[in-house]
Amino acid sequence: MKINLNIWRQSGPNQPGRMVKYEMPNVDEHMSFLEMLDVLNEDLIHKGEEPVTFEHDCREGICGCCGFMINGLPHGPQRGTTVCQLHMRQFHDGDELWLEPFRAKAFPVLKDLMVDRSSFDRIIAAGGYVSVNTGCAVDGNAIPIEKLNAEMAMDAAACIGCGACVASCPNASASLFTSAKISHLGLLPQGQAERDRRAIRMVAQMMEEGFGYCTNTGECEALCPKGVKLENIARMNRDYLKAAITYREENASAGAA
């Protein structure tokens, strides 16, 4: 089938960009979307032109590196699917597709469809870990965990940090990503000791990176390829408020002493 691609081309972070049209006359419906771009790049290289830059790694829907916008939707039209797992049979002969990088102040464009998502790494580094010494590794069933908490923690841990939530949000908020990372540790016994400090530090880093505020539009949950729930944001807000009050009272007590 024939596919018409309009792809954002930008040679560098501080360079102007523009849409460039490419015609793909012989697209196999069984190709993945990235395989289709591979074919395009082979053709561009053969012609002596610059290939399209896009990020990818596992191509198994696990790492989330491949994320970009397809017709205004992060990862494309198929719900619960990353770009690398999206296949051309989802489209029709003659379709015109518009490919753009994720748009957010905290995700500067590096080149073409590739953006810098290191802001997510800095949010994780601010508190998305358990540093308390718990001794040697023990059997997984030795620590009793309520079934509901275990399920909610696993659902939150499904977040792959692709940035689709940021790209879909009208405020470019990273609240769904940050709350998922706070939740999946805070719901488990191992994460309780640092729960307050984790919420304070990760939310503060999220704000410092330039992400917007959450206004509960729900776009993030609707377009998350792993189905991370909006309820995590409510949990993050409760943890943050509790931690802020606790720290304020502790500081007031210390000042009075």
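Two strands pair if DSSP finds at least two bridges between them. Strands themselves are DSSP runs (E, at least two residues), as are helices (H or I, at least four), and both are numbered from the N terminus. The model is a predicted one, in which local features need pLDDT of at least 70 and side-chain atom pairs count only at pLDDT 80 or more, while totals for chains, interfaces and linings use all residues. Residues are numbered from 1 along each chain as its sequence is written, and side-chain values use heavy atoms, with hydrogens and water left out.

The sheet is open and has 5 strands in the order S2-S1-S5-S3-S4, with mixed pairing. Its edge strands, S2 (17-24) and S4 (73-74), each pair on one side only. Strands of a sheet pair through backbone hydrogen bonds, either parallel or antiparallel. Strand S1 (residues 3-10) and strand S5 (residues 96-100) are parallel and share 4 bridges. Leu 5 has Leu 97 of S5 as its bridge partner, and Asn 6 stands opposite Trp 98 in S5. S3 and S5 run antiparallel and are joined by 2 bridges; here Ile 70 stands opposite Leu 99 of S5.

The two faces of S5 are a covered one, with Leu 97 and Leu 99, and an uncovered one, with Glu 96, Trp 98 and Glu 100. Helix H1 (residues 33-46) lies across S1, S2, strand S3 (69-70) and S5, and runs at about 75° to S1. That angle is taken between N-to-C directions on a scale from 0 to 180 degrees, with axes as lines fitted to C-alpha atoms, for helices over the stretch in contact.

Next come the cores. A nonpolar core is a set of buried Ala, Val, Leu, Ile, Met, Phe, Trp, Tyr and Cys residues joined through side-chain atoms within 4.5 Å. Buried means under 20% relative accessible area, exposed over 50%, and partly exposed in between (1.4 Å probe, protein chains only). The largest such core has 31 residues, and Phe 102, Phe 107, Phe 120, Ile 123, Val 166, Leu 176 and Phe 211 have the most contacts inside it. At least two of its residues come from each of H2 (118-127), H4 (164-168), H5 (175-186), H6 (195-208) and H8 (231-256). A second, separate core of 28 residues includes Ile 7, Phe 33, Phe 54 and Leu 86.

Beyond its neighbours within four places in sequence, Phe 211 is in contact (heavy atoms within 4.5 Å) with residues including Phe 107, Phe 120, Ile 123, Val 166 and Met 206. In H2, Ser 118, Ser 119, Phe 120, Ile 123, Ala 126 and Gly 127 are buried, and the buried residues of H2 pack against H4, H5 and H6.

Ser 183 lies in helix H5. Its relative accessibility is 2%, so Ser 183 counts as buried. Residues up to four places away in sequence aside, Ser 183 touches Ala 156, Asn 232 and Arg 235. The side chains of Ser 183 and Arg 235 make a polar contact at 3.3 Å. A polar contact is a pair of N or O atoms within 3.5 Å; within protein, one must be able to donate a hydrogen and the other to accept it, and residues adjacent in sequence count only if both atoms are side-chain atoms.

A search of the whole structure finds 0 disulfides, a disulfide being a pair of cysteine sulfur atoms within 2.5 Å. For Cys 65, which is in no disulfide, the nearest cysteine sulfur is that of Cys 63, 3.6 Å away. Cys 65 is buried, with a relative accessible area of 19%.
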